[in-house]
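Open the model in your viewer and keep the selection tool at hand. The tour goes from the whole chain to a few places inside it.

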Amino acid sequence: MTSPRRASRLTLLLPFLLVGLALAAWTVWWFVLARQVETRAEARIAALTAAGWTVETAPLSVDGWPFRVRLDLGRAAITAPSGHGLETPRLIAQANAWAPLTWVAIAPEDLTLTRPDKGRIRIAGDGARLSLAGIDRPWPHLAVELIRPVFTPVGSAEAFPLSRAERVTLEAKPAAGGRDAVEVLFGMVEARGRAGGPVEGVTGSGLLTARVELRLEGAAALRTPSDDGLLAGWSRAGGRFSRIRGALESGDSRATIESEALSAAEDGRLEGRLALRADRPATVVAGLAGAPGPAVEAAGAVDRDVALTLEFRDGRAWLGPFAVAPAPRLF
């Protein structure tokens with residue numbers, strides 16, 4: 001009777017050797033990836049600076065081994081040539097090491113929005129999150145989320161249209177079919193307007209929930225810097241909004257909006273027609289106008305759940321022969 005063969009020492013150590021080799025290879029890959037991330041971030045900042053943007057960050061640092069690549073920018077501030085800017089005390093961006101084309105950026109503290117003609121707005125709340133998927137494509141899939149934001153003017157700045165909301169989201173992705181267009185979806189939940197503003201007027205001092213989807217046509221122009229803002233350059237290159245659809249809710253009130261095309265005039269104010277269907281048209285028109293007037297009285301005289309057409313032209317919003325409010329300004 002023969003005794004069983006004893007496993008060789010190499011056989012016993014082989015699994016550990018394989019794990020060690022895999023770990024070593026993964027570590028090399030992680031450090032190569034981390035270096036690429038840092039180099040590309042610095043190159044992107046340099047490119048923006050050369051195009052007239054102002055970008056301020058703390059010295060970049062990369063960590064997160066073994067499964068993540070985390071880029072800590074510290075205090076971050078970016079200002080466009082037009083003077084529009086955004087800053088936060090700390091900005092962190094990270095990706096899974098095995099999926100480096102999908103990134104998530106988090107601002108755990110307040111944001112400050114700078115508007116060159118209206119002043120600064122502080123955005124507090126429970127956090128801001130931005131995600132980018134497919135950053136190697138001409139148009140990545142972008143999603144922005146503000147959780148319970150509170151909008152507060154800084155100093156003598158003009159108040160923001162909203163004072164607070166439960167949630168604000170913005171999503172943008174390439175349009176189907178390879179067209180030069182970007183599909184945009186905007187949403188806000190239980191938003192409260194600023195005192196005396198149009199949102200408060202429409203809702204009767206209540207809360208507004210909205211969902212609006214549209215297309216940005218001629219999206220390639222958004223990649224070209226403009227001294228007076230990306231949207232201004234895009235508009236002057238022929239960009240426009242198309243296929244606008246939206247739903248608004250405030251308490252028991254409901255309204256829908258629809259337009260096939262809207263564009264901006266040279267002064268940035270919208271031009272085009274917008275169909276509005278509301279179960280309380282007088283309230284909606286009064287909110288747009290900011291005060292009673294003939295158009296409000298006419299809207300109040302019609303039955304509930306009616307369709308109205310707003311026309312934006314000559315810098316005003318028209319309801320039939322009545323100018324009810326300034327046309328919304330895009331830039």
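**The whole protein**

Start with the surface: the protein exposes about 19000 Å², and carbon and sulfur atoms supply 59% of that area (Shrake-Rupley method, 1.4 Å probe; for residues, only the protein chains shown count as cover). This is a predicted model, in which local features need pLDDT of at least 70 and side-chain atom pairs count only at pLDDT 80 or more, while totals for chains, interfaces and linings use all residues. Residues are numbered from 1 along each chain as its sequence is written, and side-chain values use heavy atoms, with hydrogens and water left out.

Switch to the cartoon view. The protein has five helices and 20 strands (DSSP runs numbered from the N terminus: helices are H or I, at least four residues; strands are E, at least two). Of the 331 residues, 32% count as buried (under 20% relative accessible area, with exposed over 50% and partly exposed in between; 1.4 Å probe, protein chains only).

**Stop 1: proline 149**

Select proline 149, in the loop between strand 9 (141-147) and strand 10 (150-153). Is this residue buried or exposed? Proline 149 counts as buried because its relative accessibility is 2%. Leaving aside neighbours within four places in sequence, proline 149 is in contact (heavy atoms within 4.5 Å) with residues including Ile123, Arg164 and Val168.

**Stop 2: the cores**

In soluble globular proteins, nonpolar side chains tend to be buried together. Select Leu214, Leu216, Phe241 and Phe312, which touch the most other members of the 28-residue largest nonpolar core (a set of buried Ala, Val, Leu, Ile, Met, Phe, Trp, Tyr and Cys residues joined through side-chain atoms within 4.5 Å). Among the elements that give two or more residues to this core are strand 13, strand 16 (253-264) and strand 18 (306-313). A second, separate core has 15 residues, including Leu111, Leu162, Met188 and Val199.

Stay on phenylalanine 312. Leaving aside neighbours within four places in sequence, its contacts include Leu262, Leu274 and Pro328.

**Stop 3**
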